[in-house]
Amino acid sequence: MKKLKSSIKALNPDITFVLFAIFTAVAVGIRTYQLQYIFEPDTGFYYMEMKHSFTIPLLYAVVAASCVVFLAFSYLSKGLEKPKPLGEKNYFIATASLIFSVTLVIDGMMRFSELFNDYADAASSSLSDFLISSRGFPQLFEMIFALFAALYFIIVALSFYTGRQAYVSARVLSLMPVCWLMCRLISRFVRAVSFIHVSELFWELVMIVFLMLFFMGFARIMSGIGNEGKLPLTMGAGLCGAMVAFMVSLSRIITYFAASEEYLSADSPIELCDFGAALVACMFLLSCIHDLSPKEEPETPAQPAPVKPAADAKTEKQKKDEEAFLIAEQYANRYITEDLPKEPAPEPDDAPAASAGVTVVPPVVSAGSADEAPTEKAPAEQEPVEPVPDNQAGE
């Protein structure tokens, strides 16, 4: 058997969910027809004229075939060796968990109401005698575990809504749905009647057994404790339990609104918790094989400005040097023309007259370009000329 496990690589798990939808629709339709035309609501037995109806063996065949297919496909599918990591946010599981938690609270209040009414009818006995002699203990613990299970699925819903994964640390609370189902199973076995409402009781027992197997695997996968290789059995049991739960709950709801409440058994009323459990199973298993978490668009980094093609470094440097030299030349010409004294150049006929004993030295013009103005030394900077003695002048 171990060699056959996960041996078929080409077996797509999506085929299992397509078959699940088909089998569930057929089973719900057949069961709804039976509740309205085949069974007596007071006794649960078949009508005498309808005891040979083909729908009776047909429903058993559909449910048995679907369970075999679900378990076989889950066991042989190659992609179910490891559960797919659940996303930080998953609104499908969160919504289903929130709905299931509400239905669990409703179921707990229904059990409390039944327990209170039964104790009021048996007023002569004490509370302890009533709990021991009747099915009070299973109902009491069913109510308590239903409320704890509702608390756990509220944590699951908030975790998948916010993405904090607080359900990993709630390992003890993850077992509360299993305990709640065990109490439901015990309460079904301690009913006062044995063969009344056999048909409804049979399908409820089948549903509870498969859901117990599913929630065991669910608790291990969500808590991360030994979840290796648990997905195939969890998926197979979950699909079987979800199909039977949909069949039981939806057939009663449709019969209640389409026909009348009189067609439903008093011991098997509409229990919305069955529908909530089936919804959680479907959303969880779909998330394990498909990524149903919302895709967050990655932040696109700011695009850098387009870079112009770099020109030749040598050409750019030459252009900058030429511009610098041109600016420097302009500023130099400007400052030179502003600082020089503006005196008219001496004409050749008007030679300066020499004072007595002083030789006038003509201005020294520095050699330069024709554009540059001649520079003269200031009088203070001219060297004094020694006077010529008279005897030398006479000679």
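A salt bridge is taken here as a side-chain nitrogen of Lys or Arg within 4 Å of a carboxyl oxygen of Asp or Glu. The model is predicted, so local features need pLDDT of at least 70 and side-chain atom pairs count only at pLDDT 80 or more, while totals for chains, interfaces and linings use all residues. Residues are numbered from 1 along each chain as its sequence is written, and side-chain values use heavy atoms, with hydrogens and water left out.

**Exercise 1.** Determine how many salt bridges the whole structure holds, and examine those of Glu271.

*Solution.* A search of the whole structure gives twelve salt bridges. Glu271 pairs with Arg184, with the closest N and O atoms 3.0 Å apart. This pair connects distant parts of the chain, 87 residues apart: Glu271 lies in the loop between α8 and α9 (272-289), and Arg184 in helix α6 (residues 176-189). Helices are DSSP runs (H or I, at least four residues), numbered from the N terminus. Glu271 also meets Arg188 in a salt bridge (3.4 Å, N to O).

**Exercise 2.** Classify Glu271, Arg184 and Arg188 as buried or exposed.

*Solution.* Buried means under 20% relative accessible area, exposed over 50%, and partly exposed in between (1.4 Å probe, protein chains only). Glu271, at 4%, is buried; Arg184, at 0%, is buried; Arg188, at 7%, is buried.

Key: Helices (H or I, at least four residues) and strands (E, at least two) are DSSP runs, numbered from the N terminus.
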